[in-house]
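Good morning, and thank you for joining.

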2 protein chains.
Amino acid sequence: MKQKTGVTIYDLATELNVSPSTVSRALQNHPSIGKATIKAVKELAVKRGYRLNSIAASLRKQQTNNIGVLVSWINRPFISSLISGAEEAARAAGFNVLISQSHDSLDNEKDNVKAFFESRVCGLVVSLAMETQDFEHFNRFLENGTPVVFVDRIPDHLDVQKVIIDNHAAAFKATQHLIDQGCKRIAHFGGALHQAIYRERLRGYKDALQANNLPLDDTIILHGDLLSADEGQKMTEFLLGLPNPPDSIFSANDTAAVSAIQFAKSAGVRIPEDLAIIGFNNDPLCMIIDPPLSSVGHPAADMGRIAVQQILQIKSAEGKLVPQTIMLNTAVIARASSLRKT
Amino acid sequence: MKQKTGVTIYDLATELNVSPSTVSRALQNHPSIGKATIKAVKELAVKRGYRLNSIAASLRKQQTNNIGVLVSWINRPFISSLISGAEEAARAAGFNVLISQSHDSLDNEKDNVKAFFESRVCGLVVSLAMETQDFEHFNRFLENGTPVVFVDRIPDHLDVQKVIIDNHAAAFKATQHLIDQGCKRIAHFGGALHQAIYRERLRGYKDALQANNLPLDDTIILHGDLLSADEGQKMTEFLLGLPNPPDSIFSANDTAAVSAIQFAKSAGVRIPEDLAIIGFNNDPLCMIIDPPLSSVGHPAADMGRIAVQQILQIKSAEGKLVPQTIMLNTAVIARASSLRKT
DNA sequence: CTGAATGCAACAATCGATTGCGCAAGTTGT
DNA sequence: ACAACTTGCGCAATCGATTGTTGCATTCAG
């Protein structure tokens with residue numbers, strides 16, 4: 001006969017002739033419980049296969065063991081890797097991961113944040129929706145002391161915990177790479193400028209040009225709302241139609257860059273000879289497209305992992321921690337789409 | 001001054017001069033509560049911003065509002081789409097989605113199932129690990145009446161709820177497509193045969209050959225453990241080295257098919273003239289590779305969505321439902337990699 | 001040898017919602 | 001007018017763990 005509900009601390013308490021509170025404290029190594037008692041309790045707990053009922057604990061503590069992860073779209077290579085890392089880190093620490101997606105809509109983001117709040121997650125990992133420019137909806141978490149860690153797409157003027165890559169440096173390196181390959185007129189596909197990541201990438205691009213004494217030409221700095229394949233194609237079409245087209249493109253994502261390759265090829269433009277291209281993210285696509293797309297690689301899974309670890313740290317520090325920004329390194333991954341020299 | 005914990009049914013009860021039990025029942029439209037009372041309770045609930053404390057409810061009911069989703073790898077196009085669909089359906093119904101990945105290891109799968117069980121998920125959506133051949137670890141769920149829905153990679157000899165695609169028909173159609181394009185000697189890349197999906201695909205392939213009076217040659221039926229890019233390349237190399245190489249390949253996934261294209265191209269084999277190729281899954285890669293890869297498309301997001309809906313249905317039916325198998329349709333998506341005729 | 005400090009553990013309240021049982025007022029039947 | 005229902009709702013236990021407070025023994029200092 002199975003006991004539906006499993007062993008409880010009351011069962012253990014009865015068997016050991018102690019009170020449930022003692023059992024509870026013993027299991028948590030509470031200092032006011034004797035060494036011997038702790039040992040006895042723990043041994044019996046193992047013997048009887050005791051398992052904490054996390055729901056009961058959650059009710060009492062008004063907080064679950066679940067970490068919410070809020071992203072724009074799950075089915076994107078970068079995001080799913082990030083989630084993967086977060087999931088592993090959380091599970092390793094005995095936490096569960098709750099997922100939701102904003103579909104890049106602010107309204108969804110707000111709803112989901114609210115749902116997470118009401119389901120009493122013990123921490124939140126967020127990568128903002130493309131639209132998001134105000135952050136009030138996170139206040140309930142911040143106020144009530146629940147750790148929130150922003151990842152990748154972050155609110156840049158807020159003093160909160162962040163895990164990001166060095167977008168400026170990455171963009172600088174990518175641009176410099178093109179310059180090193182002999183490119184002199186480099187176009188840029190950027191994203192919505194209210195998102196810090198795109199602003200930083202633009203800045204890195206500009207700084208690299210300046211550092212190499214190359215002129216800055218605003219007509220070949222283009223911006224997409226979502227940097228979709230469609231936008232990538234239109235932007236490429238525009239560039240190639242210019243009287244003075246660029247000799248290379250630094251795209252702030254791979255999707256648009258791949259699209260650029262496809263369109264350019266179809267237009268008879270040789271890559272990289274006529275047009276060198278480098279993307280951003282190092283999506284799997286990069287190695288499939290012909291020629292293979294150079295890109296900027298970043299540790300997506302690590303970002304997820306670290307974000308979760310940050311949450312756990314903040315929890316254990318109990319608010320004695322000052323929000324910090326963790327910046328991860330990136331690497332230019334050079335492939336045929338940008339390699340002009342052997 | 002914010003109330004940390006929010007409004008409870010006790011607050012509503014006090015204000016309305018009824019008992020908490022009445023409030024609880026009213027909110028659930030319990031038949032033994034008067035129409036007027038229900039209305040009054042609900043109105044006040046809205047007015048005071050009452051929110052169910054799901055933890056308390058969970059404790060009492062010994063069950064959460066979380067649906068566990070257990071997959072092999074989150075960061076795969078098919079899987080992440082499936083999760084995306086599941087997440088949307090769950091959220092729409094007021095449930096949360098808990099994610100975990102087996103990394104295709106049976107041990108991980110067991111651990112994660114156990115973790116989900118202990119965290120009292122109210123339902124489980126599973127796509128099996130590649131390794132999995134026994135299913136005892138799901139018994140605790142089945143025994144205790146928690147709905148489990150298997151998706152895509154399913155235990156085929158078990159009488160459980162399943163959501164799958166018609167792998168046999170899909171494989172038949174894909175093979176027939178190659179035949180229609182004039183292919184006469186069609187190779188097959190299959191997966192581990194203890195997984196029903198691969199067995200079915202193989203069967204569909206064979207049946208299509210037979211239906212067209214084409215000979216069956218076991219030397220060009222190859223099997224990969226994971227159908228990775230690496231395996232795809234090796235299998236292609238093997239095929240091209242045969243004295244009598246095939247004129248086409250039906251691969252049970254896109255990864256291996258893309259790899260085949262890449263290797264074949266590098267070996268000077270023309271696609272589709274010398275070698276026509278069709279994959280399976282319709283991953284984004286298909287449209288990136290040159291030539292674009294034909295594939296079998298299936299509704300990944302729908303599978304996730306339907307799986308979650310099944311869970312909800314089973315819950316509401318309270319065990320009065322016989323396990324059924326829902327089979328979704330697929331479509332051959334013909335692209336240049338297999339189109340020999342105009 | 002006595003008052004104080006210390007170590008260990010029990011009591012009981014609490015978290016918020018759910019639910020079996022029972023009771024009272026109102027309705028119907030005869 | 002009395003028994004038999006029906007309708008509507010309250011009481012109190014329960015889910016399992018956590019935690020502030022209290023209390024009993026030892027042990028130690030003076």
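**Aromatic pairs and charges over rings**

F117(A) is partly exposed because its relative accessible area is 24%, where buried means under 20%, exposed over 50% and partly exposed in between, with a 1.4 Å probe and protein chains only. Please note that this is a predicted model, in which local features need pLDDT of at least 70, side-chain atom pairs count only at pLDDT 80 or more, and totals for chains, interfaces and linings use all residues. Residues are numbered from 1 along each chain as its sequence is written, chains are lettered from A and ligands numbered from 1 in the order in which they are written, and side-chain values use heavy atoms, without hydrogens and water.

Rings of Phe, Tyr and Trp (its six-membered ring) pair if their centres lie within 6.5 Å; planes under 30 degrees apart are stacked, over 60 edge-to-face, and the rest tilted. By this rule there are 6 aromatic pairs over all chains. In one of them, the centres of F117(A) and F141(A) are 5.2 Å apart and the planes stand at 85 degrees, so the pair is edge-to-face. F141(A) counts as buried, at 1% relative accessibility.

What is the geometry of F138(A) and F150(A)? Their centres are 5.0 Å apart with planes at 85 degrees, so this pair is edge-to-face. Both F138(A) and F150(A) are buried.

Finally, the charges: one sits over a ring if NZ of Lys or CZ of Arg is within 6 Å of the ring centre and within 35 degrees of the ring normal. R140(A) lies over the face of F117(A), 5.1 Å from the ring centre. R201(A) lies over the face of F280(A), at 3.7 Å from the ring centre.
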